[in-house]
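Welcome! Below is a friendly tour of one structure, taken a topic at a time. Please keep the view open as you read.

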Amino acid sequence: MNPLLLMIKLCLIAVIVVIAGIVTPEKACSEVLLSLEGTTLPTTHVLTSFSTGTYGGYVWKNDTTATPVRRDVGQSFYTADSITLESFGLQLNGNIQGGDPGAEFTVSIYQSSALNSIGTLLTSETGIFPTSGMAAGTGAGQWLNFDLTDLTLQGQYYYTLMLSWTSPAVKRNLVFSAVTSGGYTGGSVWSTEDGSSFAQQGSDYYFYVQGVVVPEPSSTALLMGAGMVLIAGLRLRNQRS
C-alpha cells in the first residue's frame, strides 16, 4: 500500500477514536439502575473517590416513622477536567430497609463554581429500587452503585449528586457511611428536607465517581488538521503525476 495513503488512513482512524471519546452514546435504559458492588471499592473508570477515616452514618430517607420524615442527601465533588459521568457509588452503613424495594427515587445533578454553593440544577433522572437481588435486611458494608445515563460535565466546577425518594413510606431509608472530620477536600455532604433549602454538612460520604475524561478540543482539532493536510498532499501528488 502507498505509504502516504496508509498514513492518511491511520490519521482518520485516530480522529474517529477521539470523536468517539467525546460523543458518548447513551445507555439503552434511560433510568438509574441500582446494583450492589461488594465491599471493595471499584477501580474501573474511577475518577475520584473517598473512603478513609472513621465513619458513622447519615441517612437518606422519606420515612413516615422518622422525624423529620424527609431528608434528601448528596455528595459534591470537584473535577478539573471535563468528564463523561457514567455512575457513582455510596457505601451502605446499614441494611436495606423494608420500605426501599419497589420505591421510586431521583438522582439530581447540580453544578456550582463554589465549594459552599449547591449551584444550579443540570439534570434529574429517576429509577426504581430493585425488588429482587437487593432484599431488606441485606447490603450493609457494600457499595451501592447508581448507573446513570452518560452525561458530559464541564471541568473546573463542583458537582453535587443529590438523592430523593419520590414518596414517603414506613421504613423508607438508607444509611450511608459518612466521615465527620478529616474528610474529602473537594466536596461535602449536602441535605435538604423540602427539596429547595439546601444545607452543606460538615461531613463526607464514602463515595466514588466513575467515568472518563473528555479529550481536549485542541487534541481533536490537531488530529483533524493533520488529516486534512495529508489528504491535500495526496491530491497535489495525484495532480502532478
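## The aromatic cluster

Tyr 58, Trp 60, Phe 88, Phe 105, Phe 129, Phe 146, Trp 165, Phe 176 and Tyr 205 make up one aromatic cluster. Rings of Phe, Tyr and Trp (its six-membered ring) pair if their centres lie within 6.5 Å; planes under 30 degrees apart count as stacked, over 60 as edge-to-face and the rest as tilted. Across the whole structure, the search finds 18 aromatic pairs. Take Trp 60 and Phe 105: their ring centres are 6.1 Å apart and their planes stand at 85 degrees, so the pair is edge-to-face. Trp 60 lies in strand E3 (residues 55–62) and Phe 105 in strand E6 (residues 104–112), so this pair ties together parts that are 45 residues apart in sequence.

Are these two residues buried or exposed? Trp 60 is buried, at 0% relative accessibility, and Phe 105 is buried too, with a relative accessible area of 0%. Buried means under 20% relative accessible area, exposed over 50%, and partly exposed in between (1.4 Å probe, protein chains only).

## How to read the model

This is a predicted model, in which local features need pLDDT of at least 70 and side-chain atom pairs count only at pLDDT 80 or more, while totals for chains, interfaces and linings use all residues. Residues are numbered from 1 along each chain as its sequence is written, and side-chain values use heavy atoms, with hydrogens and water left out. Helices (H or I, at least four residues) and strands (E, at least two) are DSSP runs, numbered from the N terminus.

Asn 173 is found in strand E10 (residues 173–179) and is buried, with a relative accessible area of 11%. Its side chain makes a polar contact of 3.0 Å with the side chain of Asp 63. A polar contact is a pair of N or O atoms within 3.5 Å; within protein, one must be able to donate a hydrogen and the other to accept it, and residues adjacent in sequence count only if both atoms are side-chain atoms. Not counting residues up to four places away in sequence, Asn 173 touches residues including Trp 60 and Trp 165, where contact means heavy atoms within 4.5 Å.

Asn 145 sits in strand E8 (residues 143–153) and is buried at 8% relative accessible area. The side chains of Asn 145 and Tyr 208 are joined by a polar contact of 2.8 Å. Phe 88 is among the residues that Asn 145 touches, not counting those up to four places away in sequence. Thr 84, in strand E5, counts as buried at 1% relative accessibility.

## Cavities

How many cavities of 30 Å³ or more does a search of the whole structure find? There are two. On a 1 Å grid over the protein atoms alone, a cavity is a set of points where a 1.4 Å probe fits but cannot get out; lining residues have an atom within 4 Å of a point. Grid points are joined across faces, edges and corners, and a volume is the space filled by probe spheres set on the points.

The largest cavity holds about 40 Å³ of space, and its lining includes Phe 88 and Tyr 205. E4 gives the largest share of that lining, three residues. The second largest cavity has a volume of about 30 Å³, and Trp 190 is one of its lining residues.

Conventions. On a 1 Å grid over the protein atoms alone, a cavity is a set of points where a 1.4 Å probe fits but cannot get out, and a pocket is an open set with protein on both sides within 12 Å along at least five of seven lines; lining residues have an atom within 4 Å of a point.
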